[in-house]
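Have the sequence and the 3D view open side by side.

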Amino acid sequence: MDLNKIVCSCMSVTNGMIKEAVDGGATTLEEVQEATGAGTVCGACLDDVKRLVEEFTSEK
Ligand code: FES
């Protein structure tokens with residue numbers, strides 16, 4: 001996975017930033033949204049953000 005790829009263009013949040021949020025203790029989509037701002041503007045990225053959260057939390 002390219003950790004520098006932007007998943008949420010509204011907030012310029014990358015895959016790596018989602019991972020960091022999960023590494024920092026976020027376990028749900030809501031917590032990741034709070035930590036990164038991803039998916040809090042237009043919502044178009046929500047499915048992708050959710051998928052990443054699931055992927056990173058399952059890696060723990
Ligand atoms: S692309 Fe993520 S909120 Fe718009």
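## Two helices crossing

Start with α1 and α2, which pack at an angle of about 110 degrees with their axes 9 Å apart. Angles of 65 to 115 degrees count as roughly perpendicular, and α1 and α2 are therefore roughly perpendicular to each other. Keep in mind that this is a predicted model.

As for handedness, α1 passes α2 in a right-handed crossing. On the α1 side the contact is made by Met17, Ile18, Ala21 and Val22, and on the α2 side by Val32, Ala35 and Thr36.

## The buried face of α1

Helix α1 spans residues 15–23, and its buried residues are Asn15, Met17, Ile18, Ala21 and Val22. Looking down the α1 axis, these buried residues fall within an arc of 165 degrees, so they line one face of the helix.

What do the buried residues of α1 pack against? Their partners are β1, β2, α2 and α3. After α1 comes Gly25, with a positive phi near 120 degrees.

## The buried face of α2

Helix α2 runs over residues 29–36, and Val32, Gln33 and Thr36 are buried in it. Down the axis of α2, its buried residues fall within an arc of 105 degrees, so here too they line one face of the helix. They pack against β2 (13–14), α1 and α3 (46–58).

A glycine with positive phi turns up after this helix as well: α2 is followed by Gly37, at near 85 degrees.

Nonpolar side chains tend to be buried together in soluble globular proteins. In this model the largest nonpolar core has 15 residues, and those with the most contacts inside it are Val7, Ile18, Val22, Val32, Ala38, Val49 and Val53. The elements giving two or more residues to this core are β1, α1 and α3.

Val53 is a handy one to click on. Setting aside neighbours within four places in sequence, Val53 is in contact with Ile18, Val22, Leu29 and Val32.

Which residue has a positive phi although it is not a glycine? That's Ser12, at about 50 degrees. For context, most residues other than glycine have a negative phi.

Ser12 sits in the loop between β1 (6–8) and β2. Is Ser12 buried or exposed? Ser12 has 12 other C-beta atoms within 10 Å, so it counts as exposed, the cut-off being 12 or fewer.

Conventions:
Residues numbered from 1 in each chain as written. Predicted model: local features only at pLDDT ≥ 70, side-chain atom pairs only at ≥ 80, totals over all residues. Buried ≥ 20, exposed ≤ 12 C-beta atoms within 10 Å, placed from the backbone. Helix = DSSP H or I, 4+ residues; strand = E, 2+ residues; numbered from the N terminus. Arc of directions from axis to C-beta. Contact = placed C-beta atoms within 7 Å. Core = buried A, V, L, I, M, F, W, Y, C linked by C-beta atoms within 7 Å. Axes fitted to C-alpha atoms, helices over the stretch in contact; angles between N-to-C directions. Parallel < 35°, antiparallel > 145°, perpendicular 65-115°, else oblique. Left-handed = near helix turned anticlockwise from the far one by under 90°.
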